[in-house]
Amino acid sequence: MNTSRMPALFLGHGSPMNVLEENRYTLAWRALGETLPRPKAIVAVSAHWYTRGTAVTAMEQPKTIHDFGGFPQALFDTRYPAPGSPELAAQLQQLLAPAKVTADLGEWGLDHGTWGVLIKMYPEADIPVVQLSIDGTQPAAYHYELGRKLAALREQGVMIVASGNVVHNLRMVKWQGDTSPYPWAESFNRFVRDNLAYRGDNHPLVNFMQHEGAALSNPTPEHYLPLLYVLGSWDGQEAVSVPIDGMEMGALSMLSVQVG
């Protein structure tokens, strides 16, 4: 195993309230930040920057985006002032060619899918972060292939931190009473776990919509697709582990995945 290679992480981010709370998920993220090798920079892929075409934050100081509503003022007052890296953004544009990657110089920044987990991992906000958008016009295989290209950055001290939820159906969440997981949600989450270290062609997690629970687990794909960037960066030999798992409100998977 290459000990200098940075790990790649997919973190199930769940509710923005995790920023203000300490629970078993946030403690797991914090432990990752404390125990993993310290990265020179981070490439973040968040479910919440879902675009036509691919873009990358290329500004010196990305703003903290509060892309949610109806939460306590303390959440809106929270900032994550990590520096950006125009140099890393430019490198990403070259690395992902022939995919066209647009340099975003101020429209976006770091959304809560990114800073909501990084604020637990690296609370000092002193590691440069660039965020890569998810092109919603492209099929799952496209995102997996971009992950394969991102793997080269892991050899250069760059950590990939992708954030979403492999089961994400807000229309079906149980706000109170019996919040046990739906059978389809549990089944799909188990399917993902069972296939994380799949070797071979026609990856079942790229072809995830073939699972009978996929349509209910992911009525739209943006919270699932970040996982494929991390799986794409796997060399087929490294350890693949699950730092934390759990199902909240019946229809929200908090599964996190570590490659390397």
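Author: The second largest pocket is lined by Gly14, Ser15, Met17, Asn18, Glu21, Asn23, Tyr25, Glu248, Met249, Leu252 and Met254. A pocket here is an open set of points on a 1 Å grid over the protein atoms alone, with protein on both sides within 12 Å along at least five of seven lines; lining residues have an atom within 4 Å of a point. The model is predicted: local features need pLDDT of at least 70, side-chain atom pairs count only at pLDDT 80 or more, and totals for chains, interfaces and linings use all residues. Residues are numbered from 1 along each chain as its sequence is written, and side-chain values use heavy atoms, without hydrogens and water.

The volume of the second largest pocket is about 160 Å³. Volume means the space filled by probe spheres set on the points, with grid points joined across faces, edges and corners. Five lining residues are nonpolar, four polar and two charged. In this scheme Ala, Val, Leu, Ile, Met, Phe, Trp, Tyr, Cys and Pro are nonpolar, Asp, Glu, Lys and Arg are charged, and the others, Gly among them, are polar.

Now Met247. It sits in strand S10, residues 247-248. Strands are DSSP runs of E with at least two residues, helices runs of H or I with at least four, both numbered from the N terminus. Met247 counts as buried because its relative accessibility is 17%; the cut-off is under 20% relative accessible area, with over 50% exposed and partly exposed in between (1.4 Å probe, protein chains only). Beyond four places in sequence, Met247 touches residues including Tyr25 and Leu252. Contact means heavy atoms within 4.5 Å.

Asp245 lies in the loop between strand S9 (240-241) and S10. Asp245 is buried too, at 18% relative accessible area. Leaving aside neighbours within four places, its contacts include Tyr25, Asn189 and Met254. The side chains of Asp245 and Asn189 form a polar contact of 3.2 Å. That term means a pair of N or O atoms within 3.5 Å; within protein, one must be able to donate a hydrogen and the other to accept it, and residues adjacent in sequence count only if both atoms are side-chain atoms.

Next, the largest pocket. It holds about 240 Å³ of space. It has 14 lining residues, and those closest to its centre are Gly14, Ser15, Pro16, His168 and Leu170. Its lining has six nonpolar, eight polar and no charged residues.

Notes. On a 1 Å grid over the protein atoms alone, a cavity is a set of points where a 1.4 Å probe fits but cannot get out, and a pocket is an open set with protein on both sides within 12 Å along at least five of seven lines; lining residues have an atom within 4 Å of a point.
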